[in-house]
Amino acid sequence: MSTENTNGKDPLEKIFQLAGRREPVDPARAEAIEKKTHERWQQMLARRRAEQRRRRFAWAGGGLAFAASIAVAVIFMSRVAIETPMVATVVNVLGTPEGGARGHAMAALVAGAELHAGSVLETAADDGVALQLAGGHSLRLAAASRVRIETDAVMLDAGAVYLDSGGEGRATPIEVRSRLGSVRELGTQYIVHLGGNSLDVSVREGAVHVAQGNITATARAGELLQLDKTGQILRQPIAEYGERWAWVAELAPVPSLEGLTLAEFLRWLVREQGWQLEFATPELARQAAKVDLHGSIEGLSGEEALELVMASTGWRYRLEDGTLTIDSREERRP
Amino acid sequence: METFETHSDKRLVERMLAGDNAAFRSFFATYFPRLLRFALYRLHGDDTLAEDVAQSALGKAMDKLDTYRGEAALYSWLCTFCRHEIGAALKRTHREPVDLIDDLPMIRATLESLVDPGAAPDRDAGRSELARLIQVTMDSLPPVYADALEWKYIDGLSVAEIGNRLGRGHKAAESLLNRARESFRDGFSTLTGAGLDLILDQ
């Protein structure tokens, strides 16, 4: 196609000069809209990641079996309610953990189910379950584990449990008992893992007392204590965050952001992740208590939730060696 | 049918779904101004409302980004969200919709006025409407075509300079400009139902 007329001039030039340049966009307003669109994009990505993660924990039986298992769980709960005190509520499940009262058949556990003294819980290789104990503790049962819940103790038959009292004096003391010894604590977060030959206690916060017959020992925050069946004790330092605690964080009940301030969210997050929280200035800490959050972090990992929330607030942060530092408000891009 | 444009749109969306921040920035820089103008023309020039609508449309598009299959151009796909938001905004503000495609009689009058500059009393209004339609056509083109046409005909850049901006050689830039011109003519004819011949013959 020719682009020139007989005068040697490109005829399109005339109409483009008539039309002029397309209306430009005000950069400041575009920036504000870009930020909001970026947040929505990040939220969509987070939802996708959460969905992909959820798919790993597929329900074993499909819709009908799932519905049936809920019905069985409800029947199980109502039957035992009249016999023993309620000791825990299921707050989160991964996969198909099962529970059953003493002498009753096991049934799939669902969030909201109430458990009574003597209830036995079991998890398979991809399962996990989080409970809120009546005494105030958060109890999480790892994959491939089995426990019995009593009013004042958790009987660990296999696998591992995590207990979090929420801080010193906040929960009624509870003991973890196993064939290789017992663990008693006050105001702490810890994992008790029952292996074939040893009882391993990893302490994230506070201290725990471990006993096997006449042998007693104390394990403190940042320490792994291994008590073998001959009564020998080994200790080693551990990090209070990272891979060892990953399954605990994955089972953490997620709070609604509605009604939470940024400071409250950060305190919850660092406690669940085993991180330390620092603000670059006292003023930032004061400001964080005044920032109201909205939306949901359902299904997100701790780091994803952090990224999403901080993006929405426009605050900068860095996470290094288990310390989360809140720096300042984000600078505007040039 | 997948075209070169929808293929590159699809690739852009795939990169965004993989969390590529550079892809997001490219997406926003390319499509936000076009969507804003798209809304502005249909909202009686109310720029505040148009910004709200464009932002809302982009937010919803982000929510549904993984449903984009590349069957239509990304801009057309985004416009479906924008149209929905425009409809809601017009209803909310009790305004009449702006029908842009049924303006053919006006376009014809405009073209006639351009043929005989002294003959039409509504010449300025007609020119303004024609200018808007030219810009709408530009926004409907693949972004690189629209940019190349603006650089050529408004900024007065040479083919070599356009090639430099695009990172292409002289011949490739010339070929791209030719494709841009053809797309513009086709787009304008599709939009208005009229060709550019009357103007181009002047």
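Is Leu277(A) buried, exposed or partly exposed? I looked up Leu277(A) and found it partly exposed, because 18 other C-beta atoms lie within 10 Å. The cut-offs I used: buried at 20 or more such atoms, exposed at 12 or fewer, partly exposed in between, with C-beta atoms placed from the backbone.

The model is predicted: local features need pLDDT of at least 70, side-chain atom pairs 80 or more, while totals for chains, interfaces and linings use all residues. Residues count from 1 along each chain as its sequence is written, and chains are lettered from A and ligands numbered from 1 in the order written.

I placed Leu277(A) in strand β18, residues 276-279 of chain A. Strands are DSSP E runs of at least two residues, helices H or I runs of at least four, numbered from the N terminus. Beyond four places in sequence, Leu277(A) contacts Leu266(A), Arg267(A), Val270(A) and Leu324(A). Contact means backbone-placed C-beta atoms within 7 Å.

I then checked chain A as a whole. I noted 7 helices and 20 strands. Of its 334 residues, 34% are buried.

Next, chain B. I found that the axes of α2(B), residues 21-42, and α4(B), residues 74-92, come within 10 Å and cross at roughly 40°. Axes are lines fitted to C-alpha atoms over the stretch in contact, with angles from 0 to 180 degrees between N-to-C directions. Residues of α2(B) at this contact include Tyr31(B) and Phe38(B); those of α4(B) include Leu78(B) and Ile86(B).

Note on methods. Contact = placed C-beta atoms within 7 Å.
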